[in-house]
Amino acid sequence: MKTNKVRITTQRELILQELRSEKNHPTADELYERIKRLLPRISLATVYRNLEWLNQQGLIKKIEIGGKQKRFDAVTDEHYHIRCISCGRIDDVMLNTDANIKDSFCEIDGYHIVDHCLELFGLCLKCKNSNKYFKF
């Protein structure tokens, strides 16, 4: 596999495979723990560097929600995320809207909108059922 005439290394391919294998939006540290079982000599710095490269190439998406630790997503199509306020789990949310949210903002105070982030927060099913502080 090649993108932009830059070779996808074995390490990058493995990171992509691990990221695509689950939908839990892992952190670099979580990916590192999974990958080092397969490539024991890989370093955490190598995982970070390759995640940044994959993000720059548009092959993955870096999720930076609310100042928390960065997470990574193999799904690059425009979609949104919801974060559990109890355990930190992040899931995809597909909003049913007639128009693209980004397009609805068009130009705001002289800005040209190039990207956006919609943050949704709630309790995942597991936390909702077990959390003593929130009763629904």
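Analyst: Contact here means heavy atoms within 4.5 Å. The model is predicted. With neighbours within four places in sequence left aside, Arg83 is in contact with Ile65, Lys68, Gly88, Arg89, Ile90, Leu120, Phe121 and Gly122.

User: What makes strand 5 and strand 9 a pair, and in which sense do they run?

Analyst: Two strands pair if there are at least two bridges between them. Strand 5, residues 80-84, and strand 9 have 4 bridges, and the sense is parallel. Within strand 9, Glu119 is the residue opposite His81.

User: Which strands stand at the edges of the sheet, and why are they called edges?

Analyst: The sheet is open, with 3 strands in the order 6-5-9 and mixed pairing. Strand 6 (90-93) and strand 9 (119-122) each have a single partner strand, so one side of each has no neighbour in the sheet. Ignoring direction, neighbouring strands are turned by 35 degrees against each other on average.

User: How many helices and strands does the protein have, and in what order do the elements run?

Analyst: The protein has 5 helices and 9 strands. Starting at the N terminus, the order is β-β-α-α-α-β-β-β-β-α-β-β-β-α.

User: What angle do helix 1 and helix 2 make, and what is that arrangement called?

Analyst: Their axes come within 10 Å and cross at roughly 110 degrees. The range for roughly perpendicular is 65 to 115 degrees, so helix 1 is roughly perpendicular to helix 2. On the helix 1 side, Leu14, Ile15, Glu18, Leu19 and Ser21 meet Leu31, Arg34 and Ile35 of helix 2.

User: Is His25 buried or exposed, and how do you know that?

Analyst: The relative accessibility of His25 is 3%. The limit for buried is under 20%, so His25 counts as buried. Across the protein, buried residues make up 32% of the 136 residues.

User: How do you know whether Thr46 is buried or exposed?

Analyst: Thr46 has 10% relative accessibility. Thr46 lies in helix 3, residues 44-56.

User: What makes the pairing of the Thr46 and Arg49 side chains a polar contact?

Analyst: A polar contact needs N or O atoms within 3.5 Å, one able to donate a hydrogen and the other to accept it. The contact joining the side chains of Thr46 and Arg49 is 3.1 Å.

User: Which residues of the largest nonpolar core touch the most other members?

Analyst: They are Val47, Leu51, Leu54 and Ile60, out of 18 residues in that core. Helix 1 (10-21), helix 2 (28-35) and helix 3 each supply at least two residues of this core.

User: What does Ile60 touch?

Analyst: Not counting residues up to four places away in sequence, Ile60 touches Leu16, Leu19, Leu51, Leu54, Asn55, Phe72, Asp73, Ala74 and Thr76.

Note on methods
Residues numbered from 1 in each chain as written. Predicted model: local features only at pLDDT ≥ 70, side-chain atom pairs only at ≥ 80, totals over all residues. Heavy atoms only, no water. Buried < 20%, exposed > 50% of the residue type's maximum accessible area, 1.4 Å probe, protein only. Core = buried A, V, L, I, M, F, W, Y, C linked by side-chain atoms within 4.5 Å. Axes fitted to C-alpha atoms, helices over the stretch in contact; angles between N-to-C directions. Parallel < 35°, antiparallel > 145°, perpendicular 65-115°, else oblique.
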